[in-house]
Amino acid sequence: MLISIANQKGGVGKTTTCINLSAALANLKEKVLIVDLDPQANTSSGLGVDTKQLQHSTYDVIINQMPIKTVIQTTGRNNLDICPASIDLAGAEIELVDVAEREKRLHSALQEVKTDYDEIIIDCPPSLGLLTLNALSASTGLIIPLQAEYYALEGLAQLLETVTAVRENWNSDLEIFGALITMYDSRTQLSKQVEAEIRNFFGEKCFTQVIPRNVRLSEAPSYQQTIFEYENWSKGARAYKAVAKQFLQWKKRK
């Protein structure tokens with residue numbers, strides 16, 4: 001499956017989800033490729049890639065149409081590869097403006113590797129610009145991380161309008177795979193209220209498992225580790241294992 005993880009709001013656990021859902025799936029023997037499309041490159045650096053020393057990155061795939069196989073790296077973990085990002089991506093939006101078929105650059109690039117992996121998971125930037133459009137145009141599914149705090153659903157209408165536009169213009173196969181509630185604090189009434197709102201909105205397309213507020217999840221990337229390497233029995237690790245299992249159950253229905 002080709003999955004984008006997107007929300008134009010920053011700080012909702014998008015990169016944390018990309019790293020740890022991908023790692024959890026890899027631990028379940030799925031062969032996974034992460035495509036880092038975020039100029040901040042936090043997914044790449046969080047998995048140990050030295051983004052300042054990269055010769056080639058996702059930028060070259062999108063802008064220079066470099067074959068993606070020449071850019072993909074192993075992460076040093078079984079079943080988990082990455083097409084890393086670099087700061088160069090920050091200028092890609094402007095460079096793509098006058099390019100023909102600009103929304104389909106990533107889709108075209110992924111054709112040569114899509115049968116090599118069980119899952120290709122794309123970490124999108126926190127915006128609805130051309131990079132995110134490229135991701136959605138290449139994907140069969142979208143996972144939307146939503147923080148369990150006030151205004152969780154703010155901006156969601158804009159994201160869903162973008163999904164509709166992508167379906168109509170570039171990719172009729174795109175659908176919302178699931179909403180994932182992140183940064184959940186079971187001690188607060190607010191988290192419970194927001195959870196109820198999100199579940200009411202998305203219905204059965206909301207993952208059963210929530211991702212708790214968990215210090216270990218925040219610390220792991222600074223050690224260039226997934227949560228399973230850093231603290232395998234933490235609440236955060238157990239949560240992402242459960243999400244990965246439900247992901248595979250839903251995948252079987254497709």
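My entries on helix packing, the cavity and the pockets follow.

**Ground rules.** I am working from a predicted model, where local features need pLDDT of at least 70, side-chain atom pairs count only at pLDDT 80 or more, and totals for chains, interfaces and linings use all residues. I number residues from 1 along each chain as its sequence is written, and side-chain values use heavy atoms, with hydrogens and water left out.

**Entry 1: a helix pair.** I looked up helix H1 (residues 14-27) and helix H11 (residues 235-253), which pack at about 70° with axes 9 Å apart. Helices here are DSSP runs (H or I, at least four residues), numbered from the N terminus. Axes are lines fitted to C-alpha atoms over the stretch in contact, and angles run from 0 to 180 degrees between N-to-C directions. H1 and H11 are therefore roughly perpendicular, a label for angles of 65 to 115 degrees.

Which residues of H1 and H11 make the contact? From H1 I noted Thr-16, Thr-17, Asn-20, Leu-21, Ala-24 and Leu-25, and from H11 Tyr-240, Lys-241, Val-243, Ala-244, Phe-247 and Leu-248. Contact means heavy atoms within 4.5 Å. By class I get 8 nonpolar, 3 polar and 1 charged residues. Ala, Val, Leu, Ile, Met, Phe, Trp, Tyr, Cys and Pro count as nonpolar, Asp, Glu, Lys and Arg as charged, and the others, Gly among them, as polar.

**Entry 2: the pockets.** A pocket is an open set of points on a 1 Å grid over the protein atoms alone, with protein on both sides within 12 Å along at least five of seven lines; lining residues have an atom within 4 Å of a point. The largest pocket has a volume of about 390 Å³, volume being the space filled by probe spheres set on the points, which are joined across faces, edges and corners. Of its 23 lining residues, Val-12, Gly-13, Lys-14, Thr-16 and Met-183 lie nearest the centre. H1 turns up again here, giving the largest share of that lining with 4 residues. The lining has 8 nonpolar, 11 polar and 4 charged residues.

The second largest pocket holds about 180 Å³, and its lining includes Tyr-184, Asp-185, Arg-187 and Lys-235.

**Entry 3: the cavity.** A cavity is a set of points where a 1.4 Å probe fits but cannot get out. I count 1 cavity of 30 Å³ or more. The largest cavity holds about 40 Å³, and H1 gives the most to its lining, with 3 residues. Thr-16, Ile-19 and Asn-20 are among the residues lining this cavity.

Conventions:
Helices (H or I, at least four residues) and strands (E, at least two) are DSSP runs, numbered from the N terminus. Angles under 35 degrees count as roughly parallel, over 145 as roughly antiparallel, 65 to 115 as roughly perpendicular and the rest as oblique.
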